[in-house]
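Biologist: I would like to learn how to read a protein model, one feature after another. Could we go through one together?
Modeller: Gladly; let us bring it up on the screen.

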Amino acid sequence: MNEQDQFEPKIIAYVCNWCTYLGADLAGTNRLQYPPNVRIVRLPCTGRIDFNLIIKAFEMRADAVLVSGCHPGDCHYTAGNYHARRRWMLFRSLLDILGIDMERIHFTWISAAEGRKWQQVVTEIVDKTRQLGPYEDYRNVCEALVC
Amino acid sequence: MARIGVFICWCGENIARNVDVEKVAEEVGTLPGVRCSVTYKYLCSDPGQALIREKIVDERLDGVVVASCSPHMHLKTFRTAAQNAGLNAYLVEMANVREHCSWVHEDRDKATVKAIDLVRMAVAKVLRSHALEPIRVPVTKRAMVIGGGVAGIQAALDIADAGYHVVLVERDPSIGGKMAGLSETFPTLDCSQCILTPRMVEVGQHANITLHTYSEVEAVEGYLGNFKVSIRKKARYVDINKCNGCGECWNVCPSKKNLSEFDFNMGMRKAIYVPFPQAVPARPVIDNDACIKLTKGKCGLCEKKCQPGAINFDDKDELVTEEVGAVVIATGYKPYDIGKEQENAQLSGYGEYGYDEHKDVIDSLQFERIVSASGPTGGQIQRPSDGGEPKTVVFISCVGSRDDAKGLSYCSKICCMYTAKHAMLYKHKVHDGVAHVFYMDIRSGGKSYDEFVRRAIEQDEAQYHRGRVSKITGENGKLIVRGVDTLAGEPVTIEADLVVLATAMRPADGVRDLARKLNVGYDEFGFLSESHPKLRPVETNAAGVFVCGACQGPKDIPEAVAQASAAAAKVQVMFSRDELAREPEVARVDEQICAACFTCVRTCPYTAIEEAEIRDRNDKLVKRTARVNPGLCMGCGTCLAVCPSKSIDLEGFTEQQVYAEVESLV
């Protein structure tokens with residue numbers, strides 16, 4: 001086994017309480033297996049997500065970040081996910097300019113009924129991140145800044 | 001130093017099989033602030049909860065983490081247990097090591113590592129939790145029902161009969177809705193008006209019901225238990241308190257050729273009119289577009305004839321405000337008006353059916369009026385074009401329904417049944433006539449429903465063709481209907497005298513605006529969204545606002561009535577208490593650092609944030625600030641994310657808590 005195979009990526013997921021969190025619960029109820037690399041932070045709504053949390057996750061040595069909420073139109077709070085999406089469109093360009101690897105940030109909609117989608121999304125992200133390898137670039141920059 | 005207790009559940013084998021719970025207990029027991037860390041077989045059981053209570057007392061815990069199932073499952077259970085032991089309920093957090101860990105990861109070592117992380121996150125969070133008290137809001141024990149169709153009538157009567165005051169708002173001049181215009185109802189063929197009009201009278205006479213007809217909701221303020229609804233009472237030009245309903249006015253009115261809305265344009269009415277004889281209130285209204293006095297300044301015959309002097313040509317719209325604690329929306333449906341201008345280009349199909357082009361192509365509600373004994377033809381079935389008795393009638397179902405390409409994707413649910421009814425009623429009146437029905441599938445689920453359809457086919461000899469109609473053309477006073485019978489596998493051409501289109505059910509006009517005023521969600525078609533399709537079918541995500549009837553989705557009369565009673569029951573549950581407790585996990589503004597940019601005010605989906613001023617004792621303005629109304633805030637946290645000065649926080653999910661959770665993962 002080479003080193004690449006042993007790399008276990010760390011993934012932090014910011015999910016809304018009403019759709020994606022319940023989707024992940026459903027994956028559990030249905031015993032849908034997926035890699036154990038993801039750590040869920042439960043928030044009431046994707047609208048609650050301050051995108052600095054994405055930066056924070058990378059600072060905490062996350063190799064990828066997932067943001068997931070209700071499908072457009074299904075938000076428990078009517079429109080929080082639209083706010084999140086709009087803010088994300090702006091924030092994304094900012095991150096891009098800053099040089100953050102956009103392949104490490106994932107944004108999806110997963111409903112409370114989509115346990116299987118949760119399983120697929122997490123599996124795909126873990127596979128992809130495993131291919132990308134550890135997010136050394138960001139850590140190097142951080143360390144350089146600290147010094 | 002904090003004193004956190006961590007309780008790790010085995011959930012029998014459910015967690016313990018794939019997670020080494022003892023190892024988790026050992027690892028998290030060493031975290032700073034953790035006082036004790038224990039495992040137990042079933043924490044949600046009575047002895048399990050007793051263990052938690054015991055530890056809270058013995059170890060003087062000031063925070064609890066339960067690592068077990070999803071918080072959606074048992075957070076409430078454990079919070080109640082903690083509260084019973086004297087610990088504030090909001091100092092309890094859960095780590096989901098079952099649904100998110102043991103059930104989905106087979107590798108025991110890796111699952112254990114993950115479980116430790118999840119508990120560590122919860123400990124980091126609970127260390128920063130605040131003790132919170134439920135927000136108590138007083139309840140105004142009056143309800144508003146919007147829409148006076150059969151659903152609204154049922155809801156209003158149920159709530160009023162329980163002893164609470166109801167304000168019923170109806171847009172049309174009379175209550176009754178679509179049901180008042182129907183002929184007979186399936187599957188019993190009992191007369192629609194005979195069963196509805198006594199209920200309408202009951203509403204009109206009920207001591208607990210205030211009726212605002214010819215009125216619309218203008219604006220809504222307030223929140224659960226405390227709504228202030230402003231209602232626009234449209235100018236009626238008739239003082240309904242003075243009027244005695246004698247009818248002299250409409251007898252003399254010379255403006256006769258106005259299409260009757262109640263008859264779906266199949267009949268005529270005067271400019272001053274009562275929509276139908278059994279209207280409640282049985283008081284006329286003047287159509288200001290048709291009235292000669294109001295448009296040209298002369299006439300006024302009705303005013304001269306009116307003994308009580310009830311006519312007032314200077315009448316103006318009036319705004320009244322009603323304070324209510326709960327709102328029931330029952331705005332109903334409208335038929336899909338094919339062939340006309342549509343707000344949505346996708347819905348412009350079905351030109352091939354010649355609606356609006358051939359007078360003898362009508363829709364189902366129009367057919368209801370021409371078979372109804374109270375209709376424009378007195379129940380005689382006559383073609384609109386020449387008044388002749390149609391000997392061949394074609395009914396086409398699914399017009400606009402179940403059609404992604406040019407209509408609406410959903411099934412309108414009631415058309416199969418009323419089409420069978422129409423075929424039956426037609427045959428009962430025109431014995432030598434033939435009714436043809438084109439259908440896609442027959443959907444007749446319901447008590448005695450399928451038997452009813454079979455009766456139409458077997459006893460009343462309705463000719464059912466499984467297939468679609470491709471074109472309707474006019475020829476020598478006949479309508480040539482070209483379709484296909486897919487069961488026979490051949491094209492069908494029928495020379496018809498009358499064609500009836502079973503058009504789709506769509507939410508009533510204006511429902512989206514109303515939903516936005518009340519913060520209720522709606523789907524892509526405009527049907528209002530319930531909180532949960534199965535378990536909360538009449539609640540909405542706006543606390544204190546309920547839905548019933550066809551505004552929520554296509555449904556027939558029994559379902560609309562059942563849902564209306566359910567909504568009324570929910571209102572009564574609310575009114576059974578003097579105060580309502582709301583979750584205290586809401587946003588709050590640090591008014592000292594708020595820069596008063598009010599971005600949050602514009603972002604809040606619930607209009608729960610207002611612009612406020614802080615003044616000193618001399619009433620001098622110190623600063624402006626945003627302020628959250630805890631009664632309205634639903635705790636989504638959108639405001640917090642947009643606040644540039646970070647002066648808003650969300651209890652239960654504070655910045656400190658969330659960042660600490662992430663930081664615990666380093």
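Modeller: Let us start with Val538(B), which sits in the loop between α14 (511-518) and β29 (545-547) of chain B. Helices (H or I, at least four residues) and strands (E, at least two) are DSSP runs, numbered from the N terminus. Residues are numbered from 1 along each chain as its sequence is written, while chains are lettered from A and ligands numbered from 1 in the order in which they are written. Since we are looking at a predicted model, local features need pLDDT of at least 70 and side-chain atom pairs count only at pLDDT 80 or more, while totals for chains, interfaces and linings use all residues.

Biologist: Is Val538(B) buried or exposed?
Modeller: In general, a residue is buried if 20 or more other C-beta atoms lie within 10 Å of its own, exposed if 12 or fewer, and partly exposed in between, with C-beta atoms placed from the backbone. Val538(B) has 24 other C-beta atoms within 10 Å, so it is buried.

Biologist: Which residues is Val538(B) in contact with, leaving aside its neighbours within four places in sequence?
Modeller: Two residues are in contact if their C-beta atoms, placed from the backbone, lie within 7 Å. For Val538(B), the contacts include Glu530(B), Phe546(B), Gln563(B) and Lys570(B).

Biologist: Now a helix, please. Which residues of α2(B) are buried?
Modeller: First the idea: an α-helix has 3.6 residues a turn, so residues three or four places apart point the same way. In α2(B), the buried ones are Gly48(B), Gln49(B), Ile52(B) and Ile56(B). Seen down the axis, they fall within an arc of 100° (taken from the directions from the helix axis to the C-beta atoms), so these buried residues line one face of the helix.

Biologist: What covers the buried residues of α2(B)?
Modeller: The cover includes β1 (4-9), β2 (34-40), β3 (63-68) and α3 (71-84) of chain B. On the other side of α2(B), exposed residues include Asp46(B), Glu54(B) and Asp58(B). Just after this helix, Arg60(B) takes a positive phi of about 50°.

Biologist: How many helices and strands does chain B have?
Modeller: Chain B comes to 18 helices and 34 strands. Of its 666 residues, 50% count as buried. Its C-alpha trace spans about 95 × 75 × 45 Å along the principal axes.
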